[in-house]
Amino acid sequence: MSEYQYYEFAAIDKPLTRTEMGELRAVSTRAVITPSGFTNHYEWGDLKADPADWMRRYFDAFVYSANWCSCHVSLRLPKVVFRKAELDAFIRSAVLSIDTTDAHWIFSWTLEESEDYDRFAEDDGRGWMRWLIPLRDELMRGDLRPLYLGWLAAGDELDAAACLRRAVQGGRFEQHAWAAASVCPDAV
């Protein structure tokens, strides 16, 4: 079986400039690069850049998935949305990290080399961005509940991504991204 890695970045608050797109193009000649994002997959190589650096510099959302059962999602929000004291309880999570820049919080959830081969065999990361953006919208409104998804995903019994997919597909994101808990009552 060959290696497979999927990368997708989204610029939401501010489109990429021509100069920024040129900087990204210098890293990848095959990627789809638009003012709103960067998408590429690799089968025998890797992204020749640091996704965390790109999140600090260019993007507001990031999805990574690899066929060896690893995934990473990140969201960048303006610092004015939350105070550090509000985020302290979430920093204790093994799967959630919170980075800062002068102007932004960067929330990153990582699942490294899980043993959930069935899920990763069926899902290569495409389409995850459409599930991630509603979580960012909730966080932008000051709602901390989406940060619990990382905590839930760390549990052996719960597939938070599947819960999130069912919530989106069922149209339950009309009011709150936290509707995933109503779709996965065993998670509570």
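For these entries I count a salt bridge where a side-chain nitrogen of Lys or Arg lies within 4 Å of a carboxyl oxygen of Asp or Glu. I keep in mind that the model is predicted.

Entry on Asp 60 and Arg 76. I looked up this pair and found that their side chains meet in a salt bridge, with 3.0 Å from N to O. Asp 60 sits in the loop between helix H2 (51–57) and strand E4 (61–66), whereas Arg 76 belongs to strand E5 (residues 70–78), so the pair ties together parts that are 16 residues apart in sequence. I then checked accessibility: Asp 60 is buried, its relative accessible area being 1%, and Arg 76 also counts as buried, at 8%.

Entry on Glu 20 and Lys 14. I found a salt bridge here, in which the closest N and O atoms are 3.4 Å apart. Glu 20 has a relative accessible area of 14% and is buried, because the cut-off for that class is under 20%, while Lys 14, at 46%, is partly exposed.

Entry on Asp 88 and Lys 84. I recorded a salt bridge between these two residues, the closest N and O atoms being 2.9 Å apart. Asp 88 counts as partly exposed at 29% relative accessibility, and Lys 84 counts as exposed at 52%.

Entry on the total. I noted that the structure holds 12 salt bridges, among them the Asp 60 and Arg 76 pair.

How values were computed: Residues are numbered from 1 along each chain as its sequence is written. This is a predicted model: local features need pLDDT of at least 70, side-chain atom pairs count only at pLDDT 80 or more; totals for chains, interfaces and linings use all residues. Side-chain values use heavy atoms; hydrogens and water are left out. Buried means under 20% relative accessible area, exposed over 50%, partly exposed in between (1.4 Å probe, protein chains only). Helices (H or I, at least four residues) and strands (E, at least two) are DSSP runs, numbered from the N terminus.
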